Amino acid sequence: MSAKITGVKGMNDVLPAQVGRWHEIEAVAREVFAVYGYREVRTPVVEPAALFARGVGEQTDIVNKEMYVFEDKGEDMLALRPEGTAGTVRAFIEHGAFVDGPQKWFYMGAMFRRERPQKGRYRQFHQVGCEAFGIAEPAIDAEQIAMLADFLGRLGVKAALKINSVGDPGCRPAYLADLRAYLTGRAGELCADCRERTQKNPLRVLDCKVPTCQPVLEQAPRLLERLCDGCRDHFAAVRAGLDALGVAYVVEPRLVRGLDYYIRTAYEFTSDALGAQSAVAGGGRYDGLVETLGGPATPGIGFGLGLERLALILEANQRPVPSRTPEIFFVSADGTGALEALKLASTLRKAGIACDLDARGGKFKTQVKQAERVGARYLVVLGGNEVASGEAKLKDMATRAETPVRLADLAAAVRPAR
Ligand code: HAM
């Protein structure tokens with residue numbers, strides 16, 4: 001045997017036994033997003049590296065430290081997308097979608113960040129995300145957050161919603177200057193990361209989890225108290241919308257997000273089931289982004305939700321993994337039965353009924369074992385006698401009860417009740 005090649009660190013396989021969870025999440029996402037008017041967009045996994053530098057921000061960890069960048073055979077600098085918003089906005093601009101008025105788009109797919117892998121944090125992970133373009137009004141913020149709450153609720157997930165306003169270019173610069181001055185004054189009490197961020201991206205300092213930094217951060221000036229009238233009114237209207245829709249939230253003044261494009265509304269859903277990487281979804285408003293990436297001024301708001309993290313929560317909740325198992329497993333007693341099993345299975349499958357057989361043939365006991373392994377509901381043994389009489393026994397694998405059945409009536413006998 002040759003030496004085995006293992007997968008890339010931080011990039012996971014989803015095996016058939018688990019994939020039903022993913023299908024369920026994706027199906028519920030498609031259903032819920034559709035009823036809220038979101039339509040799917042599919043964009044490439046690879047984009048020009050400059051898109052993220054300009055869109056997400058040169059100074060963010062995501063772009064600066066974690067992005068997979070490579071040169072395309074001496075031509076362009078490309079990147080594996082670390083997130084979905086920049087590419088979606090690029091497509092929105094490139095295809096002139098802005099001429100059609102407000103648009104609600106969603107996407108699902110793999111994202112890549114070269115982070116240190118741990119539970120809930122991987123180098124390839126998957127997001128479902130939504131982006132609503134062309135609506136500056138706070139009603140869409142509330143509607144979108146409520147949709148995400150609906151989606152999580154449909155999967156039985158209880159997640160805490162945290163919201164904040166991160167201001168806009170009108171009120172944020174003055175606040176950032178004050179915050180930087182404050183943090184500089186207490187630099188001696190801060191960790192090395194915070195000291196570096198104080199200069200490059202002071203808002204991110206508020207997000208630091210290092211215990212010794214907490215007293216400094218708790219006393220830091222708060223942006224929520226410094227919002228301009230426009231941002232304050234917007235935030236109040238978002239909260240009123242959430243209240244009206246019965247969506248529970250807490251205002252978290254230190255909630256800042258790791259991407260530079262946000263203004264005004266920022267939000268996250270977190271779950272205790274996740275441990276340190278507690279955010280299952282995060283998003284916010286990015287009114288300047290379409291313009292930054294070369295399109296006409298267009299407001300936008302969106303979120304991304306981590307599929308691996310959501311799957312971890314469903315697993316912690318012991319939610320069963322949905323799977324489609326055969327209704328019937330045919331066991332053949334002889335060559336005549338084996339051929340008939342092949343034909344009957346084909347007929348039933350064409351009628352949409354899942355069934356299976358052991359194509360290896362072989363010993364009766366081995367075939368029955370395979371039926372158990374694949375979780376078949378009924379067993380039907382076929383041999384020369386059954387083929388001649390057109391009748392066999394339908395054996396319920398759970399109760400062991402046997403009922404006679406005409407082979408011609410098999411489909412009707414096992415079709416699951418709807
Ligand atoms: P984000 O907060 O960076 O936002 O990521 C959104 C979600 O993706 C996180 O809450 C988490 O569930 C998941 N996630 C992020 N990094 C990892 C990782 N390394 N491993 C596993 N899961 C991860 C964005 O990406 C924005 N584009 C969201 C957005 C859309 N904002 C506006 N529109």
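1. A residue is called buried here under 20% relative accessible area, exposed over 50%, and partly exposed in between, with a 1.4 Å probe and protein chains only as cover. By that rule W105 is buried, with a relative accessible area of 11%.

2. The model is a predicted one, in which local features need pLDDT of at least 70 and side-chain atom pairs count only at pLDDT 80 or more, while totals for chains, interfaces and linings use all residues. Residues are numbered from 1 along each chain as its sequence is written, and side-chain values use heavy atoms, with hydrogens and water left out.

3. Rings of Phe, Tyr and Trp (its six-membered ring) are paired if their centres lie within 6.5 Å, and planes under 30 degrees apart count as stacked, over 60 as edge-to-face and the rest as tilted; the count by this rule is ten aromatic pairs. For W105 and F133 the ring centres are 5.8 Å apart and the planes stand at 85°, so this pair is edge-to-face. Since W105 lies in strand β5 (residues 103–112) and F133 in strand β6 (residues 124–133), the pair ties together parts that are 28 residues apart in sequence; strands are DSSP runs of E of at least two residues, and helices are runs of H or I of at least four, numbered from the N terminus.

4. F133, which counts as buried at 0% relative accessibility, also forms an edge-to-face pair with Y286, at 6.4 Å centre to centre and 70° between the planes. Y286 lies in the loop between β10 (279–285) and α11 (289–292), so its pair with F133 in strand β6 ties together parts that are 153 residues apart in sequence.
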